[in-house]
Amino acid sequence: MSTASALDELERRYLHDIFAELCAIESPSGRERACAERIARELEGLGIEVREDDAGPAAGADCGNLLARIGVGEGPCILLCAHMDTVPPQAPIAPVLREGFWENANEGILGADNKVAVAVLLALARHLHRDGAGSSRRGATAGGRMDIELLFTVGEERMLAGARAFERSRLRSQLGYVFDHAAPIGQLVVSSPTYHRVQATFRGKAAHAGVRPQEGRSAILAAARAVADMRLGRIDAHTTANVGTIAGGSAINVVPERCAIVAEVRSQSEQQSERVVSEMLDCVHEAANLPECECDVDVTVERMF
């Protein structure tokens, strides 16, 4: 085996090992600290300084975003970004390699979103450390030097909370890539949707469901009618809508006096996003005013990005 082949095999083995190790570290949004410490330890072991910002409280996380820079501080610089958090695991994470693919041995997420990108960036850092950080390689200018900024964010699954709280003036880079897209390698996302978050809380009247149900006003019924009337899923080629959570009620024998739904609308067209949000609000208010519901409703709409 040639030296180059041996190095390639070592890098592949490292990539597999660090990916599995990162996946095994549970890091749902808000609890990224252990993952962040592992990333920092790996980079600092290569002599790369890692700085943590103070975005944690704003992002609802137990740590901030991590920023590391590889290079000599001269010439062009490019940003490479991945996020440390995952959706909540529904089972213990036990990474296992089966027929060439990684999966969780248990019935739950693996956490490849976005640990696979984190692992690749750490492998890149090792590769550049081996070859000499800041050494000449193809970049923005032929034969020039290019520095690399690595940004690891928190709270991505909470509507980009960590990225929104990050102080962009800390970056030298004018160009960057965020590795977080479930598509064939080589495809790029070059625009961002308008994203609205809609929350509606229905307030009815509690009553004993087995004795005086007619005296109650069911907030769950109102919420269900509202959701049933909404256009959800793929609205058009550029627009989606979803009701993600619904919660309410207190006991099986009580007409529920409260129920809340949380929905989202995404669209490449700002105007279309606003139209779909307006339709959702119409459904909410019409359901609350139905004779069989007669609920009050509080609605908040946030344009997240």
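I'll take the sheet, then the helices on it, then the salt bridges.

Ground rules. This is a predicted model, where local features need pLDDT of at least 70, side-chain atom pairs count only at pLDDT 80 or more, and totals for chains, interfaces and linings use all residues. Residues are numbered from 1 along each chain as its sequence is written, and side-chain values use heavy atoms, with hydrogens and water left out.

Sheet. Five strands form an open sheet in the order β9-β10-β11-β8-β12, with antiparallel pairing. Strands here are DSSP E runs of at least two residues, helices are H or I runs of at least four, and both are numbered from the N terminus. Two strands pair if DSSP finds at least two bridges between them. Which strands stand at the edges? They are β9 (233–236) and β12 (296–303); each has a single partner strand, so one side of each has no neighbour in the sheet. From one strand to the next, the twist averages 20°. β9 pairs with β10 (residues 239–248) over three bridges, in the antiparallel sense. There, R234 stands opposite T240 in β10.

Now the helices. α6 packs on the sheet and touches β8 (194–203), β10 and β11 (258–267). α7 also packs on the sheet, touching β8, β9, β10, β11 and β12. Contact means heavy atoms within 4.5 Å. α6 (residues 219–229) and α7 (residues 270–288) pack against each other at about 145°, axes 8 Å apart. Axes are lines fitted to C-alpha atoms, for helices over the stretch in contact; angles run from 0 to 180 degrees between N-to-C directions. A222, R225, A226 and D229 in α6 meet C283, V284 and A287 in α7.

Salt bridges. The structure holds 16. The test is a side-chain nitrogen of Lys or Arg within 4 Å of a carboxyl oxygen of Asp or Glu. D147 pairs with R172, closest N and O atoms 3.0 Å apart. The two are 25 residues apart: D147 is in β6 (residues 147–153), R172 in the loop between α5 (161–165) and β7 (175–178). Buried or exposed? D147 is buried, at 0% relative accessible area. R172 is partly exposed, at 31%. The cut-offs: buried is under 20%, exposed is over 50%, partly exposed is in between, with a 1.4 Å probe and protein chains only.

Back to the sheet for the last pair. R203 forms a salt bridge with D296, closest N and O atoms 3.9 Å apart. R203 lies in β8 and D296 in β12, so this pair ties together parts 93 residues apart in sequence.
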